[in-house]
Structure formats: C-alpha cells, structure tokens
Amino acid sequence: MELLKYKIIKTPVGFLKIVVNHRALLAILWDNEKLNRVRLDQMLEDKNDPLILETEKQLNEYFNCQRKAFDLPIEMLGTLFQKEVWKRLNLIPYGSTWTYKDVALKIHHPQAIRAVGAAIGRNPISIIVPCHRVIATNGRLTGFAGGLDRKKILLDLEMLN
C-alpha cells in the first residue's frame, strides 16, 4: 500500500482536496464527495509537498483566468475504458463543451453513452481533467460530482475568458 499525501485548499468552487503520490497528481476531490466515488489508499496531510503546491498554484491561476491548460504529472487510476474516456476529456478545448454522445463517438463506442457518463462520473481529477465540459445532448447540465451549481461556475468562468 502506497502512502498518499493531500492538502485541502479553498477555491471559488469550495474546498478541494489535492491528492498526490511521490510521482503524480492522483485526485482532486470535492468537499461534498460521495463515499468511494474515487478509491484511494491511506492519506497523510502534507501542506508543503512540491507537487501539491504546484497543483494549487496552477488551480489558482485557472480560477484567476491566467491559465487555460494544466501542466502537471497525472496518474489516472481506473479501468481501461475509464482511462480512454478520461483521455478524451483532455481534448475538449477550454471554453467549449462536448456531449456525452460526442465523447462516445470519439472513443469509437457510439452506443456506450451511458457507460461514458458513468466513467466521467468517476473522473478522479476534477477540473484538470475537464469533465465539467461535458453536457447533455439537449444542452442541459447533468451529472457532476461537485454539483451542477459548481459545474455552471466552471463553464461560465471559461466562457467569459
């Protein structure tokens, strides 16, 4: 079992928990996180870990409209299907949205819209892997671990910048 480090930071969308191991960012979790949405090993608080501090810096730049893309080592923990979906989320341009159907088409599984939605719901690295940029085919905001109000804040931030 690997010991993970974390820090809780205050942001315009509430408190976020940054979780890292010795080589990569593993998770950015919400303060209202559902139990076991993202499964992680035991964690120890570390407010001075260099990767945690760099992640915090880049998130602050994002919220201050000074950053549109992140440059951090990440490690996505999930199934092969989930990883394929999450990889495609990084292709959604800043300030744009795709539908769940768009993502399903990008991974060459056009009938897997519900499975895509389930995978997106398990994205462990919120904001940096931009699952907030995925909306319903009818344009409605749906399914976001942080809550739809926070999804709207993130989309509005990007649309205005």
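**Salt bridges, cavities and backbone features of the predicted model**

Phe 63 is buried, its relative accessible area being 10% (buried means under 20% relative accessible area, exposed over 50% and partly exposed in between, with a 1.4 Å probe and protein chains only). Phe 63 is a residue of helix H1 (helices, H or I with at least four residues, and strands, E with at least two, are DSSP runs numbered from the N terminus). Between Phe 63 and Leu 157 the C-alpha to C-alpha distance is 7.6 Å, while the two residues are 94 apart in sequence. The model is a predicted one, in which local features need pLDDT of at least 70 and side-chain atom pairs count only at pLDDT 80 or more, whereas totals for chains, interfaces and linings use all residues. Residues are numbered from 1 along each chain as its sequence is written, and side-chain values use heavy atoms, with hydrogens and water left out.

An annotation in the unreviewed UniProt entry, "domain: Methylguanine DNA methyltransferase ribonuclease-like", covers residues 4–75; UniProt positions are given in the numbering used here, feature names are shortened, and annotations may be inferred rather than shown by experiment. In the model, residues 4–75 are 19% helix and 33% strand, and the end C-alpha atoms of this span lie 13 Å apart.

Side chains of opposite charge can pair when their charged atoms come close. The structure contains 12 salt bridges, a salt bridge being a side-chain nitrogen of Lys or Arg within 4 Å of a carboxyl oxygen of Asp or Glu. One of them pairs Asp 49 with Lys 5, with 2.7 Å between the closest N and O atoms. This pair links distant parts of the chain, 44 residues apart: Lys 5 belongs to strand S1 (residues 4–11), and Asp 49 to the loop between strand S4 (43–45) and helix H1 (50–63). Asp 49 is buried at a relative accessible area of 7%, whereas Lys 5 is partly exposed at 23%.

A salt bridge also joins the side chains of Arg 23 and Glu 75, at 3.0 Å from N to O. Arg 23 is placed in the loop between strand S2 (14–20) and strand S3 (25–30) and Glu 75 in the loop between H1 and helix H2 (80–89), so the pair ties together parts 52 residues apart in sequence. Arg 23 is partly exposed, with a relative accessible area of 42%.

The salt bridge of Glu 84 with Lys 87 has its closest N and O atoms 3.8 Å apart. Both residues of this pair, Glu 84 and Lys 87, lie in helix H2, 3 residues apart, or about one turn of the helix. Glu 84 is partly exposed at 26% relative accessibility, and Lys 87 is partly exposed at 48%.

Arg 67 is located in the loop between H1 and H2 and is buried, with a relative accessible area of 17%. The side chain of Arg 67 has a polar contact of 2.7 Å with that of Glu 61, and a polar contact of 3.4 Å joins Arg 67 and Gln 58 through their side chains. A polar contact is a pair of N or O atoms within 3.5 Å; within protein, one must be able to donate a hydrogen and the other to accept it, and residues adjacent in sequence count only if both atoms are side-chain atoms.

The loop between H1 and H2 also holds Cys 65, which has a positive phi of about 60° although it is not a glycine. Cys 65 is partly exposed at 36% relative accessibility. Another residue other than glycine with a positive phi is His 108, with a value near 65°. His 108 lies in the loop between helix H3 (100–106) and helix H4 (113–121) and is exposed, with a relative accessible area of 66%.

The largest pocket has a volume of about 190 Å³. On a 1 Å grid over the protein atoms alone, a pocket is an open set of points with protein on both sides within 12 Å along at least five of seven lines, a cavity is a set of points where a 1.4 Å probe fits but cannot get out, and lining residues have an atom within 4 Å of a point. The lining of the largest pocket includes Lys 68, Phe 70, Asp 71, Tyr 94 and Arg 133. A search of the whole structure finds 1 cavity of 30 Å³ or more, and the largest cavity holds about 40 Å³ of space. Among the residues lining the largest cavity are Trp 30, Arg 37, Cys 131 and Phe 144. Grid points are joined across faces, edges and corners, and a volume is the space filled by probe spheres set on the points.
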